[in-house]
Amino acid sequence: MMTHRDALEVLAAVRSEQVVVTTMGSVAIWPHLSDSPLDFHYLPSSMGQGVPLGLGLCLAKPGRGVVVLTGDGGLLMNLGCLVTVAQIEVPLYIVLIDNGLYEVTGGQAVPNAGGTDFGAIARGAGIGRVYTCDSRAGWEAVAGEAVAGNGPVFVWLKVQGEHGKPTPAAPRPMAEQITRLQHALR
């Protein structure tokens, strides 16, 4: 099974000029793979809010692609966002990192871990392009296609969970991140 880092390494290899919004566990990994002004590490109250933030960025900057890295626990806290996103044709690429755990809050199991079909939920919400991968090779085979073209797109990546991981800190203060992103989007 692929690791969280494997999943993000593949994304980093195919990412173009999209904004990348990271939440929770991805905040600890992505800054080691990318240090673009288009990277936004959203931690304050981020569980469940990454996808709405990504949609807002797409609406504010039409045509600008946005990749949102969210976790299974965070998505479960705001499943309704998928229905909203599905109604609007925007280049939003939701990448779900499913490790079955609330990894950075102590490693508690996510409700129905391993039993929830997130791909079916995304399709049921109305998202037309859905990808499911549980290996690095499988993700590498579709990643370039998945984070390009029309959206919204939902990518469900099943990764190994890791216990004992600390809550990450953003690599820069929020005010600095906002200023960097604003300048990059001008």
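Met24 lies in the loop between β1 (19-22) and α2, where helices (H or I, at least four residues) and strands (E, at least two) are DSSP runs numbered from the N terminus. The phi angle of Met24 is near 45 degrees, a positive value in a residue other than glycine. Most residues other than glycine have a negative phi, and most peptide bonds are trans. A cis peptide bond, with omega about 15 degrees, joins Gly151 and Pro152. Pro152 is placed in the loop between α7 and β8 (153-158).

The model is predicted: local features need pLDDT of at least 70, side-chain atom pairs count only at pLDDT 80 or more, and totals for chains, interfaces and linings use all residues. Residues are numbered from 1 along each chain as its sequence is written, and side-chain values use heavy atoms, with hydrogens and water left out.

Met24 also belongs to the lining of the largest cavity. On a 1 Å grid over the protein atoms alone, a cavity is a set of points where a 1.4 Å probe fits but cannot get out, whereas a pocket is an open set with protein on both sides within 12 Å along at least five of seven lines; lining residues have an atom within 4 Å of a point. Grid points are joined across faces, edges and corners, and a volume is the space filled by probe spheres set on the points. A search of the whole structure finds one cavity of 30 Å³ or more. At least two residues of its lining come from each of α2 (25-29), β3 (66-71), α4 (72-76) and β5 (101-102); α4 gives the most, with three residues.

The table sets out the two spaces. Ala, Val, Leu, Ile, Met, Phe, Trp, Tyr, Cys and Pro count as nonpolar, Asp, Glu, Lys and Arg as charged, and the others, Gly among them, as polar.

The axes of helix α1 (residues 4-14) and helix α7 (residues 136-146) come within 10 Å and cross at roughly 25 degrees. Helix α1 is therefore roughly parallel to α7, a term for angles under 35 degrees. Axes are lines fitted to C-alpha atoms, for helices over the stretch in contact, and angles run from 0 to 180 degrees between N-to-C directions. In α1, Asp6, Ala7, Glu9, Val10, Leu11 and Val14 meet Arg136, Trp139, Glu140, Ala143 and Gly144 of α7, contact meaning heavy atoms within 4.5 Å. The residues of this contact divide into six nonpolar, one polar and four charged.

Definitions and conventions. Angles under 35 degrees count as roughly parallel, over 145 as roughly antiparallel, 65 to 115 as roughly perpendicular and the rest as oblique.
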